[in-house]
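Have a look at the structure, and then we'll walk through a few spots.

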Amino acid sequence: MLFDPLKLRDVQLKNRIAVSPMCQYSSEDGFANDWHFVHLGSFAVGGAGTVFTEATAVTPEGRISPEDLGLWKDEQIPFLQRITRFIREHGAVPGMQLAHAGRKGSTAVPWAGGKPLTVAQGGFSPIYAPSAVGFYPGHLPEALDEGGIARIVQAFAASAERALAAGFEVIELHAAHGYLLHEFLSPISNQRTDAYGQDRHKLVVEVARATRKKWPERLPLFLRLSVSDWTEGGWDVEQSVTLARRLKAEGVDLVDCSSGGNVPGAKIPVGPGYQTQFAEAVKRGAGIPTGAVGMITSPQQADHILRTGQADVVFLAREFLRNPRWPLAAAKALGVQVDWPKQYERARD
């Protein structure tokens, strides 16, 4: 099952193994560079079916850190074309995750502490959110007005057009981990009384609709969703299923089911496969394909998730950093014959 192909619209994934978006904090002014080429290209060579970029900002202030990847201007396209060409040449489908950090924007890279940055420290201002409620103490966002919301919806659509020009074949909209789209969904961060507060799905639906209009019908559209805030009174599974039904009608093809990130200090029972329950709940409740994420490490575990119908794709992150050839090792462990790169012939044993 792990190595069965999966067709979504006109795109066929050679297997059900996806490289999850992983922030690299290695860009200058949003531009991809040789680091991204090697990082992403290695996973295609290693046998992944789909390789996603890190969260790619649709506006400059939509970055988590000043070192994040971006796609808010045409000049950022050419180097990405080199990356997507290499990924395709080695049998994988190139995917891009589009994102806006919202109230979690303008922070330092993790190895510099990850704390909020002022403009004087190289950060950016203002940062935006549905309501003027901060995630970090003293790092207060501006509540978006309707004009600002409209500009962000257009920014997602424009970045999707650039992603197409750059050669990507799958887009994933980032509505998880406490970033802007997730902030609008959760009653903890969205305290608005207008239409975007009365219908907390509204912005996500508008972004999906606007992106789908610019993204060709032949290409799939994914959405990453934090299915639970892990906090009483927050966003939860039932609300996620309802949203997934709406998104399916808007042309979203798969929901990549994660959780958390919007509530500081939330108690999350982290462990192997702790989030697969969310992929199964959304898949069964909304009748839409899903992806499972979170501490998926062994071939047997990944294969079991698919065979038991919990999800349709598995997304791996840290395990790919440990072993970029994880799919090839998984095929060997499961006794599945796959094509190895000829350069690896001597490494097969």
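Is Val270 buried or exposed? With a relative accessibility of 53%, Val270 counts as exposed, because the cut-off for that label is over 50%. Keep in mind that this is a predicted model. You'll find Val270 in the loop between S10 and H8. Together with Ile268 and Met295, Val270 makes a nonpolar surface patch of about 250 Å².

Now for helix H7, which runs over residues 237-249 and has 13 residues. From its first C-alpha to its last, H7 reaches 19 Å, close to the 18 Å expected at 1.5 Å a residue. At the start of the helix, Asp236 has a side-chain oxygen that comes to within 3.4 Å of the backbone nitrogen of Glu238. Just after H7, Gly251 takes a positive phi of about 100°.

Which residues of H7 are buried? They are Gln239, Ser240, Val241, Leu243, Ala244 and Leu247.

Next, the loop between S5 (93-99) and S6 (128-129), where Gly123 sits. Gly123 has a relative accessible area of 12%, so it falls under the 20% cut-off and counts as buried. What does Gly123 touch, leaving aside its neighbours within four places in sequence? Its contacts are Pro66, Ser106, Leu117 and Thr118. Gly123 and Ser65 are 58 residues apart in sequence, yet their C-alpha atoms are 7.5 Å apart in space.

That loop between S5 and S6 also holds Pro126. A cis peptide bond, with omega at about 0°, joins Ser125 and Pro126. For background, most residues other than glycine have a negative phi, and most peptide bonds are trans.

Two residues have a positive phi although they are not glycines: Tyr25 and Ser106. Here they are in a table.

| Residue | Phi | Where | Relative accessible area |
|---|---|---|---|
| Tyr25 | about 50° | loop between S3 (17-19) and H1 (34-45) | 18% |
| Ser106 | about 60° | loop between S5 and S6 | 0% |

Tyr25 is buried, because its 18% is under the 20% cut-off. Ser106 is buried too, with a relative accessible area of 0%, and it's one of the residues in contact with Gly123.

Terms used. Residues numbered from 1 in each chain as written. Predicted model: local features only at pLDDT ≥ 70, side-chain atom pairs only at ≥ 80, totals over all residues. Heavy atoms only, no water. Helix = DSSP H or I, 4+ residues; strand = E, 2+ residues; numbered from the N terminus. Expected span 1.5 Å × (residues − 1). Buried < 20%, exposed > 50% of the residue type's maximum accessible area, 1.4 Å probe, protein only. Polar contact = N/O pair within 3.5 Å; in protein donor to acceptor, adjacent residues only side chain to side chain. Patch = residues over 30% accessible without salt bridge, like charges linked within 9 Å, V, L, I, M, F, W, Y side chains within 5 Å. Areas by Shrake-Rupley, 256 points an atom, 1.4 Å probe, with all protein chains shown as cover. Salt bridge = Lys/Arg side-chain N within 4 Å of Asp/Glu carboxyl O. Contact = heavy atoms within 4.5 Å.
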